[in-house]
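Let's take a friendly tour of a protein model, one topic at a time. Have a look at the sequence and the 3D view first.

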Amino acid sequence: MTDIAGILERELGSAAVIGPGHERLDDYGRDESPLPEFHPPACAVLVESTEQAAAVLRICKERAVPVSPRGAGSGMCGGALPVPGGIVLSTERMTKIKEIDAGDLVAVVEPGVVTGVLQEAVEAQHMFYPPDPASLAFCSIGGNAATNAGGPRAFKYGVTREYILGLEVALMGGEVLRCGRRTAKGVTGYDLVAGFVGTEGTFGVITELVVKLLPNPPAAATVLAVFADMAGAGAAISALLREGLRPRVLEIADKSSIDHVRPKSRYRFPANAGAVVLLEVDGEPDAMALMMEKIGVRCDDLGALDVLAAHEPADRRALWEARRLISPSLKEAYRVKVNEDICVPRGRIVEMIARVQQVSLETGIDTAVFGHAGDGNLHVNLLSHDDPDDPAVRTKMWAAAERVFAHTIALGGTLSGEHGIGTTKRDYMRMEQSEQVLEWQRRWKLMWDPSNLMNPGKKIPARTKACSE
Ligand code: MLT
Ligand code: ZN
């Protein structure tokens with residue numbers, strides 16, 4: 001058996017390698033995905049430069065060792081988990097912000113930079129990096145690019161792909177490719193950068209990113225509106241969008257989510273709260289004042305139980321508190337939390353939430369639904385107090401997830417709006433995509449990685465027998 005840990009230690013030094021017997025090795029076999037299958041990696045290698053990443057990929061190609069790239073390990077679908085016999089290549093030590101250029105509105109960063117750290121650094125210079133995944137305090141920009149992460153502000157500003165102008169990538173075998181641009185526009189050649197973003201480490205390891213920035217909006221304000229039921233919340237959202245309102249954030253949460261945050265939230269939700277909508281607008285102060293008035297009036301007209309508005313950062317943070325508490329509160333309350341991130345056409349959100357309630361009734365599994373209503377991107381949480389290591393519980397939870405996926409697709413939706421596919425959703429891909437579409441994706445992956453050693457077995461299901469013959 002190849003002593004890959006020993007070989008990498010000799011090449012990169014022992015400080016770069018977490019090998020067998022190390023107390024932290026198991027950490028690299030886990031991420032934030034629900035009910036994952038656990039395999040510790042043969043070793044984890046913590047690279048500090050592009051040259052080191054390329055050296056690891058050269059050595060692993062020569063010895064046919066699979067490599068799974070990892071950012072901060074905050075992924076929710078098993079995309080960064082090692083495969084049996086494989087290693088993990090972590091970019092957590094590549095944390096340099098190399099450049100922030102206010103004139104060109106770009107930043108050049110290493111992949112291990114924490115997203116929230118980048119945001120603070122650019123905001124200190126009056127610029128703005130909009131993508132805001134919920135995990136921004138600890139997720140990394142390289143991981144965000146690998147999964148094409150979204151977040152609440154995606155409604156107005158789009159997802160990570162729209163902010164990655166250029167990439168440096170280390171490929172399996174050790175070749176280093178620099179592609180893309182740092183200009184605002186550019187249509188020269190095929191868009192390799194867009195093609196790499198969202199590939200969940202299956203094409204290569206991102207070692208540097210050129211990131212697009214925007215001028216910081218002069219002001220922002222937040223509104224929390226509480227409704228008795230989902231139908232009321234849905235009607236208010238539709239009315240506001242029809243009137244041309246373009247908030248930067250448009251979030252929704254159902255009664256179950258509210259009931260779980262109620263004991264912790266400083267805001268006292270009305271006893272009959274059945275749905276909550278969180279909106280955020282930004283722009284010039286005068287235009288914003290008008291938007292806020294419109295939102296308040298429309299929510300009142302449509303029977304909101306309570307409407308709160310905040311302009312000052314501390315007050316706005318207080319309104320966000322309940323939204324931010326949902327996921328941790330569910331995690332605390334249940335032993336199993338399968339958090340999906342399905343996306344349906346905006347007009348089908350209320351129907352989708354009703355269908356999730358139907359799945360809950362049919363399966364006896366508790367649910368909570370919240371998420372990015374503006375994008376139709378809902379976090380459907382399937383929750384259980386049962387033992388997560390019991391195979392029967394796992395089967396039951398994934399069977400319920402499959403029902404949710406079936407409803408999603410029946411409503412014209414897609415399995416994943418922002419978390420990715422990894423391993424946890426890979427085997428459901430056929431519910432949405434034809435074998436032909438899957439086959440073109442396999443060919444595309446093999447073009448970048450003919451030896452299939454770069455994060456193999458992720459994202460796309462293996463060929464069916466008939467297809468491989
Ligand atoms: C969110 O929007 O809160 C995340 O994508 C999902 C989560 O943390 O549960
Ligand atoms: Zn989300």
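Predicted model: local features only at pLDDT ≥ 70, side-chain atom pairs only at ≥ 80, totals over all residues.

**The domains**

**Where domain 1 meets domain 5**
- Here 14 residues of domain 1 are in contact with 6 residues of domain 5 (contact means heavy atoms within 4.5 Å).
- Together the two domains bury about 690 Å², with 65% of it on carbon and sulfur atoms (buried area is the accessible area, 1.4 Å probe, that two parts lose on being put together, summed over both).
- On the domain 1 side, Lys61, Val67 and Val83 lose the most area to domain 5, together 41% of what that side buries.
- There are 0 salt bridges between domain 1 and domain 5 (a salt bridge is a side-chain nitrogen of Lys or Arg within 4 Å of a carboxyl oxygen of Asp or Glu).
- The side of domain 1 that touches domain 5 has 10 nonpolar residues, 3 polar and 1 charged (Ala, Val, Leu, Ile, Met, Phe, Trp, Tyr, Cys and Pro count as nonpolar, Asp, Glu, Lys and Arg as charged, and the others, Gly among them, as polar).

**The zinc site**
- His372 (NE2), His379 (NE2) and Glu418 (OE) coordinate the zinc ion (ligand 2) at 1.8 to 2.2 Å (donors are N, O and S atoms within 2.8 Å of the metal, or 3.2 Å for Na, K and Ca; water is not among the atoms, so sites may look incomplete).
- Along the chain, the donors of this zinc ion follow the spacing H-x6-H-x38-E.

**Salt bridges**
- The structure holds 40 salt bridges.
- In one of them, arginine 182 pairs with aspartate 101, and the closest N and O atoms are 3.2 Å apart.
- Arginine 182 lies in the loop between strand 9 (176-180) and helix 6 (192-196) and aspartate 101 in strand 5 (residues 97-101), so the pair ties together parts that are 81 residues apart in sequence (helices, H or I, at least four residues, and strands, E, at least two, are DSSP runs numbered from the N terminus).

Technical notes:
Residues numbered from 1 in each chain as written. Chains lettered and ligands numbered in written order. Heavy atoms only, no water.
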